[in-house]
Every structure is written in structure tokens, then in C-alpha cells.
Amino acid sequence: MDAQFWEEMYGSREQVFSGEPNGVLVAETADLPPGQALDVGCGEGADALWLARRGWLVTAVDISWTALRRAARTGTGTDRVAWTRADLTAVPPPSGSFDLVSVHYFPLPRRADHAALRGLLAAVAPGGTLLFVSHDLADLPPHHDGPDPRDFYQPAEVAGLLGDGWTVLVDETRARPAPAPEGTRHTHDTVLRARRAG
């Protein structure tokens with residue numbers, strides 16, 4: 001799932017996602033005061049734009065130029081989002097810089113040293129929030145085509161790696177607040193919300 005994979009995926013049609021923000025993001029951040037946010041794997045930008053409209057300054061990162069160009073077109077007129085091309089599995093974001101690090105359905109490969117994950121965790125500022133959301137693996141068909149989702153970090157696993165200095169506020173599986181995209185079987189999300197000590 002390299003840059004070419006994502007370019008081909010976004011290039012395969014005019015719009016890949018609904019254009020609506022993820023329901024878990026809406027539910028879990030409504031009570032947070034706006035600050036600096038990192039949207040990891042921002043895709044076509046719906047989450048970043050939703051946050052920006054609520055006063056957040058957002059660094060929206062994706063590996064796909066096609067996705068970023070599409071997101072920037074959708075967000076024309078806002079100066080609260082910095083659309084940024086980067087591979088966060090290889091280069092960590094700035095440490096301690098974000099009041100919210102939002103990771104929705106981002107296929108972060110599991111590594112023995114947890115380097116990429118630790119880079120994302122380190123990006124959360126003191127007192128900030130990590131929101132890490134994935135599809136429930138139980139929703140997958142028995143013979144899934146493509147990359148195996150079990151090769152990527154799951155929210156409960158991330159919760160177990162947080163260690164001292166974090167408070168886990170939510171670590172659960174819940175029904176999706178909106179129907180899954182057509183052609184998919186995702187009826188439940190796994191959700192981790194954690195706060196870093198101030």
C-alpha cells in the first residue's frame with residue numbers, strides 16, 4: 001500500500017468517499033476546545049474541513065497528491081487547513097505539536113520497534129487527544145482480498161502500548177453511526193480515545 005497504490009485508488013474515480021466527516025470524529029471531538037489538529041491520512045479532506053469549520057487549525061496529511069488536490073479544491077476559501085503530502089509511516093510528524101491527532105482507518109503497518117506508531121503518539125501535545133479508529137475485524141469476510149488488515153495496528157493494541165502518561169477514555173467496539181460505504185461490510189468501528197497528561 002505505497003504511494004502508487006493510493007494514487008491508483010483515488011485516480012480510479014472522481015470521488016472515493018462521501019464527503020461527510022467520519023461519525024466517530026464528530027462524536028468524540030465535539031467537546032474538545034479547538035486547537036492544532038493532525039489529520040492522518042486525510043484523503044479527500046472531509047474530516048479536516050469539518051474540524052476547520054469548528055475553529056481548529058489542521059495539518060491534513062496524505063501520501064496521495066490526487067487526494068490532496070481534490071481536498072484542496074473542496075476546501076477552497078479556508079485558510080485553516082494545511083494540505084501536506086507526506087508518508088507518516090516513514091517520517092514522523094513534529095513532536096508535541098498537536099492538541100488532536102486523528103487517525104481514522106489509516107493502515108499503519110505493525111513494526112517490531114513501533115517507530116511509526118510512536119511518532120504519531122509523540123505528536124500529541126501535553127493535554128492533547130489521540131483518536132484512533134479502525135474497522136472491526138469481525139466484519140471482514142472469511143477470504144478478504146488485498147492486504148490483510150491484521151497486519152496493521154488496531155485501536156485496542158495501541159491502547160496497550162500507550163504506557164504511563166496517558167489516560168484511556170474510550171476503548172471499545174461500536175456500531176457505525178452511518179451506513180458503511182456501498183460494497184463494504186463494515187458495520188462496527190473499533191475506537192480508541194486517549195488523553196496525554198498535561
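Q: Which way do strand 5 and strand 7 run, and how many bridges join them?
A: Two strands pair if DSSP finds at least two bridges between them, and here strand 5 and strand 7 run antiparallel, joined by seven bridges, with His135 opposite Asp189 in strand 7. Strands (E, at least two residues) and helices (H or I, at least four) are DSSP runs numbered from the N terminus. This is a predicted model, in which local features need pLDDT of at least 70 and side-chain atom pairs count only at pLDDT 80 or more, while totals for chains, interfaces and linings use all residues. Residues are numbered from 1 along each chain as its sequence is written, and side-chain values use heavy atoms, with hydrogens and water left out.

Q: In what sense do strand 4 and strand 5 pair?
A: Strand 4 and strand 5 pair in the parallel sense over six bridges, and His104 stands opposite Val133 in strand 5.

Q: Is strand 5 mostly covered or exposed?
A: Buried means under 20% relative accessible area, exposed over 50%, and partly exposed in between (1.4 Å probe, protein chains only); by this criterion nine of the 12 residues of strand 5 are buried.

Q: Which residues have the most contacts inside the largest nonpolar core?
A: A nonpolar core is a set of buried Ala, Val, Leu, Ile, Met, Phe, Trp, Tyr and Cys residues joined through side-chain atoms within 4.5 Å. The largest has 24 residues, and Val40, Val101, Val103, Leu130 and Val158 have the most contacts inside it.
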